[in-house]
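Thanks, everyone. Let me put the model on the screen, and then I'll walk through a few spots.

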Amino acid sequence: MPRFTLRGQDAAVRILERALDHDRLHHAYLFAGPAHVGKTTLAVQLAQAVNCDDAYDACRARIANGSFADVRFIAAGEREDGAARTLIGIEAVRDIIAAAHLRPYEGKRRVFIIEDAARMSTDAANALLKVLEEPPPDVLIVLLTEHADDLLATIRSRCQTLELRPMSVGEVARILQEEHGQDAEQADLLARLSRGCLGWALQAAAEPAVLAQAHQRIERIVDAAEAGLEGRFAYADDLARRFFRDRAEGREELYAWLRWLRDVLLTQQGRGAEIVNAAWRSTIERHAAALPPAATLRWARRVEEAIDALDRNANPRLTLEAMLLEAPPVPAPTPAP
C-alpha cells in the first residue's frame with residue numbers, strides 16, 4: 001500500500017517521500033492551504049507512514065479515527081457553554097509538551113497535529129516555540145493553517161513549510177465524473193463551488209446536505225445584499241450569533257461573500273464563464289448591472305477587513321454591521337405584473 005494517496009499534491013508528497021526514504025524527516029512541518037485542500041489528510045497519512053508498516057491496516061485505521069495513542073489532534077474545541085473557542089490556549093500546548101517527553105506507547109513516533117494553528121494564543125505559540133527549538137526525540141509536530149503568514153515568524157522558521165494548492169476546476173470535474181459517477185453538469189457545478197478543493201467536492205457529492213448548505217448561504221447573501229438597512233442589520237445579528245456558535249461556519253459564510261462579489265466583478269469584466277456560483281448566474285448578472293465595478297471592489301475589501309477583524313477577536317455583531325452599513329445598495333428584482 002502506498003504511503004500517500006492524497007490527490008493533487010504531488011510536490012508536497014514527493015518532499016515527504018524523499019525525507020522518509022532517506023530518514024531525514026524534519027521534526028516539525030507546516031502544511032498551508034485553503035480548507036478542504038487536503039491538509040488534514042496529508043498529516044494523517046504522514047502519521048501513518050511513520051508509525052505503521054505498510055501491511056498493518058489496523059494501525060492506519062486507528063490513526064485515521066483518532067484512537068491511536070501516539071497520534072493526537074489539537075484544535076480549538078468548544079467552551080462549556082457550547083460556543084466555539086476562538087483560540088487554542090496554553091493548556092493545550094502544555095499537554096503537548098508533557099506528552100512529547102514521554103516515549104511512544106504503541107508506535108514509533110509521537111505525532112501532534114495542530115489544526116488551524118493560527119488560532120494559538122500568543123502564550124500558546126510561545127510555549128510551542130520552546131518545543132520546536134529543542135524537539136524531543138521521536139516526536140513529530142504538524143501544524144495546519146490556511147495562510148502560513150498567520151503564524152509567528154519564529155514558529156514558521158522552525159518548521160518546514162509545504163504549500164498545498166487547489167487543483168484545477170477541470171481536474172476536479174474529471175475525477176468526479178470518471179471516478180465517482182457524477183454527470184457532467186453536476187460535476188462542473190461541484191468543481192466550481194469547490195474552488196479546486198477535491199475534499200469538499202467529494203463530500204458534497206456524497207452528502208446532498210453539503211450542497212444544500214452552500215445554496216442556503218447564497219440565498220442569505222442575496223437577501224442581505226438586496227435588503228434595506230433594517231434587513232441588513234437583522235442579517236448581521238443572525239450571522240454574529242451563528243459565528244459565536246460555530247466560528248468556522250461563520251468564517252465560511254464570509255468567504256462565500258467574497259466568492260459572490262468576485263463573481264459579480266468577473267461578470268462586470270465580461271468574464272462570466274469563470275464564475276463559481278453558476279447556478280445563480282441571472283442574479284449575479286443583475287447585481288453586476290446594478291453596481292459600478294469600483295463599488296463591488298470596495299465591498300469585497302470591506303468583507304476582507306471584517307474577516308481580519310474577527311480573526312483578531314473583534315465584536316462580531318459590530319464588525320458585521322459595519323461591513324453591511326458601508327455596502328452599496330442593490331435593488332431587489334421588480335415583481336412580475
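First, the ground rules. This is a predicted model, where local features need pLDDT of at least 70, side-chain atom pairs count only at pLDDT 80 or more, and totals for chains, interfaces and linings use all residues. Residues are numbered from 1 along each chain as its sequence is written, and side-chain values use heavy atoms, with hydrogens and water left out.

Salt bridges. By that I mean a side-chain nitrogen of Lys or Arg within 4 Å of a carboxyl oxygen of Asp or Glu. The structure holds 25 of them.

Start with glutamate 179 and arginine 7. Their side chains meet at 2.9 Å, N to O. Glutamate 179 sits in helix H7, residues 169–180, and arginine 7 in the segment before helix H1, residues 10–21, so the bridge ties together parts 172 residues apart in sequence. Helices here are DSSP runs of H or I, at least four residues, numbered from the N terminus. Glutamate 179 is partly exposed at 41% relative accessibility. Arginine 7 is partly exposed too, at 34%. The cut-offs: buried is under 20% relative accessible area, exposed is over 50%, partly exposed is in between, with a 1.4 Å probe and protein chains only.

Next, arginine 220 and glutamate 253. This salt bridge is 2.6 Å, N to O. Arginine 220 is in helix H10 and glutamate 253 in helix H12, so the pair links parts 33 residues apart in sequence. Is glutamate 253 buried or exposed? Buried, at 0% relative accessibility. Arginine 220 is partly exposed, at 24%. Salt bridges with shared partners join Arg220, Asp238, Arg242 and Glu253 into one network.

Now helix H14, residues 293–311. Its 19 residues reach 27 Å from first C-alpha to last, close to the 27 Å expected at 1.5 Å a residue. That expected span is 1.5 Å times one less than the number of residues. Buried residues in H14 include Trp299, Val303, Ile307 and Leu310. What covers the buried residues of H14? Among the elements are H10, H11 (229–245), H12 (247–268) and H15 (316–325). After H14 comes asparagine 313, with a positive phi near 70°.

Last, glutamate 226. It lies in H10, residues 208–226. At 16% relative accessibility, glutamate 226 counts as buried. Contact means heavy atoms within 4.5 Å. Beyond its neighbours within four places in sequence, glutamate 226 touches Thr283, Arg286, His287, Val330, Pro331, Ala332 and Pro333.

Terms used: Helix = DSSP H or I, 4+ residues; strand = E, 2+ residues; numbered from the N terminus.
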